[in-house]
Amino acid sequence: MTHDDATADAVTGPGGTPPGPSAVRPDTTDTAPSPADAALPTALAPAALTLFGDRLDLAAAYAELLATDGVVRGLIGPREAPRIWDRHLLNCAAVAERIPSAATVLDVGSGAGLPGLALAIARPDLTVTLIEPLARRTSFLIEVVERLGLARSVRVFRGRADEAASGSSGREPISGDVVTSRAVAPLDRLATWSLPLTVRGGRLLALKGSSAAAEIEEHADVVARVGGGEPTVHLCGVGVIDPPTTVVEIVRERMVGPARPAASKRSRGGRARRR
């Protein structure tokens, strides 16, 4: 890591994974990362231009960082490097069509910056916070933000989603118009972590696959309990990418606060008795 934990504190994410580096790194002996893996396939060039416009060069620079440093540091699997454009960048950037103009976006469990950084590149009008608990990942994110010149519109928050929503270690709570996530958790846990981060009327946009409808049916009660409206499924990038991106959208209709701890019982002497 090139940034210590104090530097990474400028950034934070969900999921219950404790902060800290991982000792496990991928074996790249036989598949050494190469910038060539990040080359934009000719067949995908029209879609990439549509989604990234005049910031396509910036997207290409991010793709190269994912295919090289991202692989070495264990954020992208070696076999994923040749598929960075179709499976990752374009898939994520397509979600921009569901985000209002000039919105504040919080990306929960950002990992290598997906979808948060892809959205920040595709939509310079957005203000994006990448929320991630692992130190090695936040170090990578901070470096990428600096190298791509995105520091004015993107910040990194090291921590869990609940810490970002409630404020911890002297930091102010944060909230946004839109909370995004990709491959983080089932919908019940995701809604529980993410909806407290949205303003009232804000929305959760969860990138999902074929399980979207089944998750909605299974977890609708939990979503309603934490203040969410009825989940809806949207296909993003229709006519631009194939297959389009499946997104579950949940609007925060009610502000549901955290459960309050039970009041301590008092003894006759007026002191609280420990249970």
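Colleague: Is the crossing of α3 and α6 left-handed or right-handed?
Modeller: This is a predicted model, in which local features need pLDDT of at least 70 and side-chain atom pairs count only at pLDDT 80 or more, while totals for chains, interfaces and linings use all residues. Residues are numbered from 1 along each chain as its sequence is written, and side-chain values use heavy atoms, with hydrogens and water left out. Helices (H or I, at least four residues) and strands (E, at least two) are DSSP runs numbered from the N terminus, and a crossing is left-handed if the near helix is turned anticlockwise from the far one by less than a right angle, right-handed if clockwise. By that rule, the crossing of α3 and α6 is right-handed.

Colleague: How many residues of the contact of α3 with α6 are charged?
Modeller: Helix α3 (residues 56–72) and helix α6 (residues 135–147) pack at about 145° with axes 11 Å apart, where axes are lines fitted to C-alpha atoms, for helices over the stretch in contact, and angles run from 0 to 180 degrees between N-to-C directions. Contact means heavy atoms within 4.5 Å, and on that basis Tyr62, Leu65, Leu66, Asp69 and Gly70 of α3 meet Phe140, Val144 and Arg147 of α6. Ala, Val, Leu, Ile, Met, Phe, Trp, Tyr, Cys and Pro count as nonpolar, Asp, Glu, Lys and Arg as charged, and the others, Gly among them, as polar. The contact of α3 with α6 therefore divides into 5 nonpolar residues and 1 polar, and the charged ones number 2.

Colleague: What is the orientation of α3 to α4?
Modeller: Angles under 35 degrees count as roughly parallel, over 145 as roughly antiparallel, 65 to 115 as roughly perpendicular and the rest as oblique. The axes of α3 and α4 come within 11 Å and cross at roughly 125°. That angle makes the orientation of α3 to α4 oblique.

Colleague: And what is the orientation of α2 to α4?
Modeller: The axes of helix α2 (residues 45–52) and helix α4 (residues 84–93) come within 9 Å and cross at roughly 30°. That angle makes the orientation of α2 to α4 roughly parallel.

Colleague: How many residues apart are the partners of the aromatic pair?
Modeller: Rings of Phe, Tyr and Trp (its six-membered ring) pair if their centres lie within 6.5 Å, with planes under 30 degrees apart counted as stacked, over 60 as edge-to-face and the rest as tilted, and by this rule there is 1 aromatic pair. Phe52 and Trp85 form it edge-to-face, at 6.3 Å centre to centre and 85° between the planes. Phe52 in helix α2 and Trp85 in helix α4 link distant parts of the chain, and their separation in residues is 33.

Colleague: Which strands stand at the edges of the sheet?
Modeller: Two strands pair if DSSP finds at least two bridges between them, and the open sheet of 7 strands has the order β3-β2-β1-β4-β5-β7-β6 with mixed pairing. Each edge strand has a single partner, so one side of each is left without a neighbour in the sheet, and these strands are β3 (154–158) and β6 (232–236).

Colleague: What angle does the direction of α4 make with that of β4?
Modeller: Strand β4 (residues 176–182) and strand β5 (residues 198–208) run parallel, joined by 6 bridges, and Arg182 stands opposite Leu207 in β5. Helix α4 packs on the sheet, touching β4, β5 and β7 (245–251), and its direction makes with that of β4 an angle of about 160°.

Colleague: In which loop does Pro243 lie?
Modeller: A cis peptide bond joins Asp242 and Pro243, with omega about 0°. The loop that holds Pro243 is the one between β6 and β7.
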